[in-house]
2 protein chains.
Amino acid sequence: MKDRYVVAILGATGAVGSRLISELADSKIPIERVKLLASKRSAGKKLQFKGQTIIVEEASPESFDDVDLVLSSAGGAVSKQLLPEAVKRGAVCVDNTSAFRMDPTVPLVVPGVNEKQLKYHHGIIANPNCSTIQMVAALNPIYKKWGLKQIIVSTYQAVSGAGQSAWNEMRDEAKDYLSDRPMHPEILPTKGQKHHYPLAFNLLPQIDVFEEDGYTHEEWKMIHETKKILLNDADAPEIKVTATCVRVPVAVGHGESVYFTVDDEKSSVHEIKELIAATPRLVLQDDPKEQLYPQPINAQGKRETFVGRLRADAENPGAFNMWIVADNLLRGAASNTVEIAECLVKEQLM
Amino acid sequence: MKDRYVVAILGATGAVGSRLISELADSKIPIERVKLLASKRSAGKKLQFKGQTIIVEEASPESFDDVDLVLSSAGGAVSKQLLPEAVKRGAVCVDNTSAFRMDPTVPLVVPGVNEKQLKYHHGIIANPNCSTIQMVAALNPIYKKWGLKQIIVSTYQAVSGAGQSAWNEMRDEAKDYLSDRPMHPEILPTKGQKHHYPLAFNLLPQIDVFEEDGYTHEEWKMIHETKKILLNDADAPEIKVTATCVRVPVAVGHGESVYFTVDDEKSSVHEIKELIAATPRLVLQDDPKEQLYPQPINAQGKRETFVGRLRADAENPGAFNMWIVADNLLRGAASNTVEIAECLVKEQLM
């Protein structure tokens, strides 16, 4: 165990990368030095870390020769290529992409939910999908207390989850729309696909590519990751999960409408609200009389997960509706990644 | 039965009112004369009907003295006050507000689903809520063929459902947001409430006011109206329905993520798709390979209900996910209202 660590941020110039820099600066991790890595295109850019100017370097296997900790958010292909190189050189990597999430040897961790899994790592720890993190964060205390039989989620996902370029595209579209000019979509719903559609003042029920069964990758990520995170014990009873993922014209902050069924039919809305309010990293915003409920605009820039609109399904004992919002770049990405790194340091798992 | 009818449009200057005028102009109803009625504030405005200029008159009980058919969309309070006066004077009224929808003596009708109920009218026929219409239109053929046990819906509702002024407010907010100016919400989520929040680039999980149990009026409308429309027979088995209604920054076109469970577990996605494609007024847009799915931007200005993203819940036989989009001002309001009036004429129920 070292006193201070050399930390590399891979994908430092992206939407999540910029938050990784600020979250790392605010963290409890003792830092020797920070390296900012990105693609050749972004190399040479100057970024700030704690008032110090750092020049972005092009990422290569050798970039990790002197690195202890890698925080990665440069896309799945880059992670698959470079993180094993970093591990070979002795670094521990926290990866924000989907590259290793479903690898049975890689812990998939949300601190506050299943950080105990960290001790099984072999150099790489995966950060779950943004839409998964906020849902399991809100459901975990409920699962621990009453058990969960079924989860049905419909997402309302912000454009920043598709990266800075998609975010810029939606802003340009909105300006064109408001000036009665034609919109020019080239990125959304998903880079590299055949068709592109405007998101401004529209809804796109496609996030990531489609599987043969009609579900998108994003929907399967939510289904598989939720089970991997919550069902840590081999003998835990199965939780049924299904998802519909929709991109909405919001800049930052994913919304989720979650219908869930608990094992214990005696559980009540009142008890669930008390439990949410008492759970660290969760904020209960649920007062219909005061029109208090989670909104993306209020979650932006926050590290917490906001929970509200808790209602019992009057026709199904033990079933409830809930509305969850969190900053997808912070709670759903950078904050979770840095919290994982903090746990690694604290538990001497580096 | 007359050869030609005097038709009054009540609330002619609103977002739905303008569509009632154009839908009536396109309809098969034989028209003697059209009266355009609105509040005192809008009286004197000049509007076009089939190339003819009509001056908007202030609505009063006497406005209906010579009227055969009223198409109403001026708000619940106005309907409650004026439609009984119109009925007293011999008119038949098709009402777009929630004023009479749950009145057991008033048919609540979606043509193509339950127009047989029209023959029980006593002068007033209610047009369901916009979010209800598109959902029951898509679910009805499935219900008729395989039965329905449960419906869980999360809505993505366009701002035009809250009226022209809310629509203007969101446009202004979007312009302010894109110019880094503060936004000034005064209408949304719901007129007359204590708090107002911006909708541009945000999500508001409140449509209409809250009930004591934490559900909104809009959510209860969807629950109660769906049952009233689908369960026409007293001995029909109950369908469980629950809803979460969210306002999204879209101008026109409601989206709905619907999870439903059928009685017959042998039903398949393929059969459901074939059934949807063969049903009048429904358009199947479901080809993941071609990234074909319903989008508000494509539904705008159309009278059909668009259905796609049909997927089986692999863990629950007989359960499916579906994505529905329709123009809330046309399919969800004006077109349905005028179709009801056409049925009344055709079936000699005027």
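Tutor: Let us begin with a side-chain pairing in this predicted model: the side chains of Q157(A) and T155(A) form a polar contact at 2.7 Å. Q157(A) belongs to strand β9 of chain A, which covers residues 148-157. With a relative accessible area of 1%, Q157(A) is buried, because buried means under 20%. Beyond its neighbours within four places in sequence, Q157(A) is in contact with S131(A), I207(A), E218(A), C245(A), V246(A), R247(A), V248(A) and H254(A).

The UniProt record, an unreviewed entry, places the feature "binding site" at Q157(A) and R247(A). These positions span 91 residues in sequence, yet no two of their C-alpha atoms are more than 4.7 Å apart, so they gather at one spot.

R247(A), for its part, is found in strand β10 of chain A, residues 240-247. R247(A) also counts as buried, at 4% relative accessibility. A polar atom of the R247(A) side chain lies 2.8 Å from the backbone oxygen of A158(A). When neighbours within four places in sequence are left aside, the contacts of R247(A) include Q157(A), A158(A), V159(A), G161(A) and A162(A). Also among them are L188(A), L199(A), L203(A) and L204(A).

Definitions and conventions:
Residues are numbered from 1 along each chain as its sequence is written. Chains are lettered from A and ligands numbered from 1 in the order in which they are written. This is a predicted model: local features need pLDDT of at least 70, side-chain atom pairs count only at pLDDT 80 or more; totals for chains, interfaces and linings use all residues. Side-chain values use heavy atoms; hydrogens and water are left out. UniProt positions are given in the numbering used here, feature names are shortened, and annotations may be inferred rather than shown by experiment. Helices (H or I, at least four residues) and strands (E, at least two) are DSSP runs, numbered from the N terminus. Buried means under 20% relative accessible area, exposed over 50%, partly exposed in between (1.4 Å probe, protein chains only). Contact means heavy atoms within 4.5 Å. A polar contact is a pair of N or O atoms within 3.5 Å; within protein, one must be able to donate a hydrogen and the other to accept it, and residues adjacent in sequence count only if both atoms are side-chain atoms.
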